[in-house]
Amino acid sequence: MRNKREADHIMNTPTKSASQQIEQTEYEPTRTGLGLKTLKRALLDNLFYIQGRFPDVATPNDYYQALAYTVRDRLLHRWIKTAQAYKNNRSRTVCYLSAEFLLGPHLENNLINLGIMKDVKQAVEDLGLNFEELAEQEEEPGLGNGGLGRLAACYMDSLATLEIPTIGYGIRYEFGIFDQSINNGWQVEHTDKWLHAGNPWELARPKITFKVKLGGYTEHFIDDGGKHRVLWIPDREVKGVAYDTPIPGYRVNNANLLRLWSAEAPESFDFQAFNVGNYYQAVEEKIISENLTKVLYPNDEPEAGKQLRLQQQYFFVCCSLQDMLRIYLGTGDGLEHFHEKYIIQLNDTHPSIAVAELMRMLIDEHHMDWETAWSVTQKSFAYTNHTLLPEALEKWPVRLFQSILPRHLEIIYEINFRFLDEVRNLFPDDDGLISRVSLIEENGDRYVRMANLAAVGSSAINGVAELHSELLKTSVMADFYRIMPYKFSNKTNGVTPRRFMLQHNPGLSRLISDALGNDNWVRHLEEIKRLEDFAEDSAFRDEWLKIKQLNKHRFAQFIQRETGVVVSPDSLFDIQVKRIHEYKRQHLNVLNIVTLYHHLKNDPNIDLTPRTFIFGGKAAPSYYTAKLIIKLINSVAEVINNDPDVKDRIKVVFVPNYNVKNSQYIFPAADLSEQISLAGKEASGTGNMKFSMNGALTIGTLDGANIEIQREVGEENFFQFGLSTDQVTQLKARGYNPRECYHNNTQLRAVLDLISTGFFSHSQVNLFQPLIDSLLRQDQYLVLADYQSYTDTQAEVGHAYRDLDQWARKSILNVARMGKFSSDRAIREYCEDIWHANPVPISL
């Protein structure tokens with residue numbers, strides 16, 4: 001260890017008087033000071049007093065933990081001051097309810113937001129340690145599945161940066177989204193033990209606990225005052241325990257609260273059962289209760305999975321609302337003003353049971369009359385819809401719902417009765433409308449429609465991209481738009497430039513700051529537009545390309561470490577990383593790769609721009625077709641990467657275990673961003689924004705936020721292909737026959753035949769036949785219809801990349817015109833239009 005003597009000297013310095021310690025650290029408190037000496041002293045103090053280690057025996061994880069606690073101390077100073085100010089100001093507070101928070105590693109992000117990255121790195125290096133090695137010790141909290149959870153994390157970052165009083169509420173899953181490995185081309189899932197080494201960023205709050213009822217039945221009675229009352233008598237109860245994480249803003253003193261709930265048994269050990277020899281029953285309640293928050297998104301195909309998922313959603317909503325009421329009642333104000341203190345944002349349909357739960361609490365527990373309770377409830381909630389896929393709009397079988405939440409079903413029936421009466425008054429002769437907007441689906445099996453509950457019980461409904469919001473009005477929520485158009489608005493998603501530019505791409509960020517003369521763009525991304533002028537500067541373009549090349553070298557090394565595949569940083573890096581799903585059309589990308597390979601085999605001397613195709617993403621464990629697509633990608637890669645005729649002009653790589661941590665290698669290295677979902681299927685997308693912010697050009701359909709990105713960066717700097725949403729609708733209305741595409745396109749037919757005849761599957765000739773059959777029989781996402789347009793546009797990409805100087809110009813303009821897509825802009829719009837929340841700056 002370099003400078004070990006210095007570490008030992010600091011560690012072994014005898015205890016000094018208070019005045020001497022102050023002098024040593026230049027009058028800075030060890031817990032909160034930001035000076036270099038203070039940071040070193042604090043790190044070694046935490047190594048000794050929290051980790052119980054001294055330098056000779058400390059492991060890299062010990063040092064990481066000590067460093068994390070050192071940074072957390074500085075966060076807590078801001079966090080406590082923030083909480084005090086919000087309480088004293090009685091600030092209106094945004095409560096962000098989300099089943100997912102895909103935060104990514106905390107350490108570097110917190111250092112950036114606190115503005116102490118340089119000094120902390122120096123302190124670590126002065127102690128003979130390697131900062132990158134310590135940062136690598138951090139486990140990623142896998143508390144999200146993809147875009148939904150990552151958006152929630154970006155919004156928490158922006159809310160703190162904009163100094164908006166906020167509490168994020170979610171679930172502290174013991175095991176997050178699974179870790180993915182690839183074995184013989186297939187996805188293999190492994191338990192994500194993100195808590196196995198502890199989590200230094202959170203604080204357990206064992207005294208902030210709430211009981212959550214489940215199952216049972218209700219009893220109706222008249223109280224002594226002649227009022228109708230309902231008593232819910234549950235089958236069992238679980239206890240929710242709070243775990244708090246501070247979320248700091250960028251270069252401000254605000255640090256907001258992320259509160260996640262973990263399930264425990266009210267009584268962890270049954271002594272009576274133990275004493276009579278029933279040892280399993282003695283801990284049975286503990287095991288059953290803790291299963292509730294054990295894992296993110298259980299497989300909900302079997303009945304037990306559906307039951308657990310509904311219980312999870314209710315559990316965290318119930319705890320969160322009880323917490324809000326606890327805090328609110330401490331102010332002494334009446335509950336009829338609850339909505340003036342809190343605005344509760346429902347991040348998709350997962351937390352929408354909150355509408356019925358708040359009604360239950362106000363009516364059953366606080367004896368508020370129905371009309372007042374409903375007014376408060378509606379004014380308290382706002383609902384963000386994140387999907388246009390009808391199957392993703394959650395609904396629960398009535399029988400299952402009643403077995404878990406009997407009182408809530410009664411409340412939903414009452415909400416529905418009153419709502420449908422209002423609809424009948426507005427549209428007296430439209431029985432079809434009544435059926436479609438009902439909170440209960442009555443066609444065959446009966447279901448509770450959670451999106452309908454969220455729409456009726458909220459004061460605002462928004463989509464997450466201009467196209468998505470318009471399609472909501474004309475498709476999945478058209479009837480609600482007809483009834484209550486005043487609720488609808490668009491709030492295009494955004495991502496935080498702090499993590500996805502400043503942290504992920506420090507070289508590019510420095511170049512931008514040097515060119516603009518300051519780093520104000522990090523908080524005001526719209527200012528990056530001034531970078532446009534530098535697109536015409538040849539020296540600046542050269543520097544731009546050098547940084548891209550360094551990022552590609554770094555990613556190439558990562559690929560070789562993780563997969564063993566050697567790729568050339570001089571090739572075009574063509575990247576598609578996102579959740580594996582048929583509507584995201586990774587298989588369309590594969591068809592283009594096989595097309596290029598087919599051309600090469602027919603003419604080995606063909607002039608082809610060298611290209612590395614890179615995939616990443618996880619398939620839901622029970623989604624066989626998505627897992628088969630992963631196998632297809634890896635099988636095609638195995639053949640192409642080992643074919644001497646290809647001569648490394650094409651390489652195909654699947655990067656396993658794509659997550660926020662790995663994305664720091666991916667986004668900065670991309671030349672081309674694949675955003676190729678069928679038009680009208682992707683609500684917004686945020687990966688498209690992250691790639692563009694890092695200088696990648698996009699090949700994409702006119703879907704989700706792609707439309708707005710293309711408009712901002714310019715059509716000439718965006719590779720558009722495929723059918724529009726209107727054309728998709730028209731084609732399906734005429735009767736789409738994918739076999740016509742197959743028969744009428746010789747190239748497409750050759751590619752599909754190559755796959756179906758087992759060329760890429762060795763002895764398993766029919767391995768990929770289910771994929772081919774699906775494309776030829778249904779092709780639900782019009783892969784074959786968009787194939788020719790896609791391959792033609794990919795040929796344009798290859799030609800354009802040959803002029804690297806012109807490519808650099810387009811890349812610079814992409815970055816310069818991404819100001820709209822900061823999550824800061826999105827949060828400002830929510831604050832102005834929906835939440836009516838104002839900044840509360842914090843002074844230390």
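This is a predicted model: local features need pLDDT of at least 70, side-chain atom pairs count only at pLDDT 80 or more; totals for chains, interfaces and linings use all residues.

A: Residues are numbered from 1 along each chain as its sequence is written, and side-chain values use heavy atoms, without hydrogens and water.

Q: At what angle do the axes of helix H4 and helix H5 cross?

A: Helices (H or I, at least four residues) are DSSP runs numbered from the N terminus. Axes are lines fitted to C-alpha atoms over the stretch in contact, and angles run from 0 to 180 degrees between N-to-C directions. Here H4 (residues 60–89) and H5 (residues 107–114) have axes that come within 11 Å and cross at roughly 40°.

Q: Which residues of H4 and H5 meet?

A: Contact means heavy atoms within 4.5 Å. From H4, Tyr64, Leu67, Val71, Arg74, Leu75 and Arg78 meet Leu107, Asn110, Leu111 and Leu114 of H5.

Q: Is His762 buried or exposed?

A: Buried means under 20% relative accessible area, exposed over 50%, and partly exposed in between (1.4 Å probe, protein chains only). His762 is exposed, at 54%. This residue lies in the loop between helix H31 (746–756) and helix H32 (769–777), and its phi is near 55°, a positive value in a residue other than glycine.

Q: What is the phi of Asp779?

A: Asp779 has a positive phi of about 45°, although it is not a glycine. Asp779 is in the loop between H32 and helix H33 (783–801) and is buried, with a relative accessible area of 3%.

Notes: Helices (H or I, at least four residues) and strands (E, at least two) are DSSP runs, numbered from the N terminus.
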